[in-house]
Amino acid sequence: MHLTKASMDDLNRIVEVLEDGKNQLAERGVDQWQGDYPNPEQVKADITNGFAYLVHDSDHETVGVFSILPAPDHAYDELDGKWLLKTDRYLTIHRVAIYSDHAGNGYASRLFRDVIDFIKIHREDIVSLRIDTHEDNHAMQHLIEKFGFQRVGTLHGVYRPEETSYVYEMLTQKTK
């Protein structure tokens, strides 16, 4: 498996994988992403800003997508909770989806491991990774916690009114 930065040529594939992710969530009864988020405009912005990535298998087939954003992430402006570390030296992982044809093959776990390892080794300027997920997305919560993220709070109505998300953080460097 390998990760590559997305280009505008990848727009339709990313939207397709995210739509597939929406369908997977709906099939599991999770209300996450059932509105207009994420949408093609968001994906275009992620690509334009260099935030969007593709996950490829060993045959170079796209099996998933994600975005990683630099601070400040204004989605967290109204966090009901407390960060492990008050810092602007963090990155946020958003819009993680593995295409249903490839779900259950460990790609999401390898994505998390590879991103975390890369940040810890190559981005010493980054001291924290942050992520959130819908309160009913138990599979993603399990994955997030499996990789050492700690739940630090909740968000209310950030993505859609009446929606609650759990927010997690992981420290990537020892801080002084």
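# Reading the helices and the sheet

Biologist: Helix α1 (residues 11–27) packs against helix α2 (residues 40–48) at an angle of about 130°, and their axes are 10 Å apart. Why is α1 called oblique to α2?

Modeller: Axes here are lines fitted to C-alpha atoms, for helices over the stretch in contact, with angles from 0 to 180 degrees between N-to-C directions. Angles under 35 degrees count as roughly parallel, over 145 as roughly antiparallel, 65 to 115 as roughly perpendicular, and the rest as oblique. The value of about 130° falls in the rest, so α1 is oblique to α2. Please keep in mind that this is a predicted model, where local features need pLDDT of at least 70 and side-chain atom pairs pLDDT 80 or more, while totals for chains, interfaces and linings use all residues. Residues are numbered from 1 along each chain as its sequence is written, and side-chain values use heavy atoms, without hydrogens and water.

Biologist: What makes a stretch a helix or a strand?

Modeller: Both are DSSP runs numbered from the N terminus: helices are H or I with at least four residues, strands are E with at least two. Strand β4 (80–81) is one of the runs that counts, and it is an edge strand together with β1 (2–5), each pairing on one side only.

Biologist: How do you know that β1 pairs with strand β2 (residues 52–56)?

Modeller: Two strands pair if DSSP finds at least two bridges between them. Four bridges join β1 to β2, and the two run antiparallel, so they meet that cut-off. H2 stands opposite H56 in β2. The open sheet has eight strands, in the order β1-β2-β3-β5-β6-β8-β7-β4.

Biologist: What makes the β-α-β unit of β5, helix α3 (residues 107–122) and β6 right-handed?

Modeller: The label applies if, with the strands pointing away from the viewer, the path from the first strand over the helix to the second runs clockwise. The unit of β5, α3 and β6 is right-handed by that rule.

Biologist: How do you know that strand β6 (residues 128–134) is mostly covered?

Modeller: Buried means under 20% relative accessible area, exposed over 50%, and partly exposed in between (1.4 Å probe, protein chains only). Seven of the seven residues of β6 are buried. In β5, A97 has 4% relative accessibility and therefore counts as buried.

Biologist: What makes the backbone of W33 and R95 stand out?

Modeller: Most residues other than glycine have a negative phi, and most peptide bonds are trans. W33, in the loop between α1 and α2, has a positive phi of about 65°. R95, in strand β5, has one of about 55°. Both are buried: W33 is at 9% and R95 at 7%.

Biologist: Where are the cis peptide bonds that join Y37 to P38 and A71 to P72?

Modeller: P38 is in the loop between α1 and α2, and the omega of its bond with Y37 is about -10°. P72 is in the loop between β3 (62–70) and β4, where the omega of the A71 bond is about -5°.
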